[in-house]
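Let's take a friendly walk through this model, starting with how its chains meet. Please keep the viewer open as you read.

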Amino acid sequence: MISPLEYIESGILELYVAGLLQTDEIEEVQRMADEFPIIQKEIDTLIIIYHVLPGAVAPTLPANQYEIVKKYTLEGVTYKIKNNSSKHRNFHRWMFWMMVFLMLGYILVSGTYMYNKSIEMENVVRKYENTTQNLDSLVNINQNKNKIIDQLRDTNYYIINLEGQTASPNSFARLYWQRESKSIFVDAKGLPTPPVGMTYQVWALNLFPLTAINLGTLNTFEINQENLYELGNIEQAEAFGITLESEGGSDIPSLAQLFVLGKF
Amino acid sequence: MSSEELRQIYAKDGTSFDLLYDHFAKTIYGIIATWFSSSDVQNELLQKTFISIWNQLDDFKDSKEPLLTHIIRETRNQCIKEKSTADSNTNVSFVKLLHEREELPENIDQIGIQTFIKKLRPKNIKLIQSILFAGKKPTNIAHDEGKNVRQIKLNLRESSLEIKSIFHLK
């Protein structure tokens, strides 16, 4: 049988007051304390020590804590603080997801923006290419015009005015013919736009006997805004005429559709 | 605490809360302070612990364990819950907290902090920290330190005798 002093010196009472004993050990200490007042006295002393020691190291309690703790405790708002705490955590969680959404939004918006920009850039490049092509085309047209103008300024060109005939009295055209080089230009600005499926065809005519030589069709009438055409070579002709023919041209002129005619 | 005061606390009447708070708020706050250094967490845990203790007063009344024991145990449980980790060690040494204290209990203040700490041996400081503040079981401490449980208990008793001597308690 252990003596009360030995029991005290075993250190079990410290564990009892500190709340670290198992149920059977607690019952044993309580039994011993009931039986031996010296043990109960030692327990009371340890209660003072373990009560004072944490209190001695405690930071100064905030002045408002008494009111807050009392309010929460007596109102039984056991979840109020927990809610505050979870609200705190929820706020962090909310902040985290907000950040994730913002990041995703940023990636999405910037991605869309970059995609649109790249499409825009492609369009700009395409427009630039088209513009360049158009510019090249314009330069070519301009060069051709200059070439034609230079050729027409040659004083060796004969100018033949073609006047409107019964089929189109108000029409007119002009023909430039360089006999040495045999080249011919036709200014068809005075002709109406041909109907769909029809085209103008230029003829070199010899009157005795009447023969007609095909010099070519004015196929690009609607596109060629200047209506200035360089045609095939001819060495000898007494007159020139332009008829309206079916698309692709005709082997012989349709005299009923003779729009303009001019003698050399 | 007198038996009359204890009866008043257990009665949960008009004066119960004030008595409970006056007597134990600092003890609870001191234990919490060795677990968490954030004053926000300390204050929140003080509130949680008081609510929990208040709600369990009837159970404590039926038990023969001292009220202080229930309060110490409940405070540590709240700290463990808050920490949400298997590692239930305290973070802050109670001796370090003692250094930081501005207002000290009269008996300790008279002795002087340095004297108090000088008289308490480092191994006993560590043991009190583990047992009282962290609630570590002697079997676990013995395992960690390569000692037997009996030796740990004897060291614990030795620390009590040191403190009793410093406080001039018989």
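## Charged and polar links

Across the interface of chain A and chain B, 6 salt bridges are found. Keep in mind as you look at them that this is a predicted model. One to look up is the salt bridge between A:K70 and B:D18, where the closest N and O atoms lie 3.3 Å apart.

Polar contacts join the two chains as well: 15 residue pairs across the interface of chain A and chain B qualify, both residues being at pLDDT 80 or more.

## What chain A brings

Which helices of chain A each supply at least two residues of the side that touches chain B? They are α1 (4-9), α2 (12-17), α3 (23-35), α4 (37-57), α5 (65-75) and α6 (78-152). Of these, α4(A) gives the most to that side, with 15 residues. By residue class, the side of chain A that touches chain B divides into 28 nonpolar, 13 polar and 8 charged residues.

## Extent of the contact

The size of an interface is often given as the accessible area lost when the parts come together. Here chain A and chain B bury about 5000 Å² between them, and 67% of that is on carbon and sulfur atoms. The contact takes 49 residues from chain A and 60 residues from chain B.

## A nonpolar patch on the surface

Finally, have a look at the surface of chain A. A:F96, A:W97, A:F101, A:M103, A:L104, A:Y106 and A:I107 form a nonpolar patch there, with about 830 Å² of accessible area together. One of these residues, A:L104, is found in helix α6 of chain A.

Definitions and conventions
Residues are numbered from 1 along each chain as its sequence is written. Chains are lettered from A and ligands numbered from 1 in the order in which they are written. This is a predicted model: local features need pLDDT of at least 70, side-chain atom pairs count only at pLDDT 80 or more; totals for chains, interfaces and linings use all residues. Side-chain values use heavy atoms; hydrogens and water are left out. Contact means heavy atoms within 4.5 Å. Buried area is the accessible area (1.4 Å probe) that two parts lose on being put together, summed over both. A salt bridge is a side-chain nitrogen of Lys or Arg within 4 Å of a carboxyl oxygen of Asp or Glu. A polar contact is a pair of N or O atoms within 3.5 Å; within protein, one must be able to donate a hydrogen and the other to accept it, and residues adjacent in sequence count only if both atoms are side-chain atoms. Helices (H or I, at least four residues) and strands (E, at least two) are DSSP runs, numbered from the N terminus. Ala, Val, Leu, Ile, Met, Phe, Trp, Tyr, Cys and Pro count as nonpolar, Asp, Glu, Lys and Arg as charged, and the others, Gly among them, as polar. Patches are made of residues with over 30% relative accessible area and no salt bridge: like charges are joined within 9 Å, nonpolar side chains (Val, Leu, Ile, Met, Phe, Trp, Tyr) within 5 Å. Accessible areas come from the Shrake-Rupley method with a 1.4 Å probe; for residues, only the protein chains shown count as cover.
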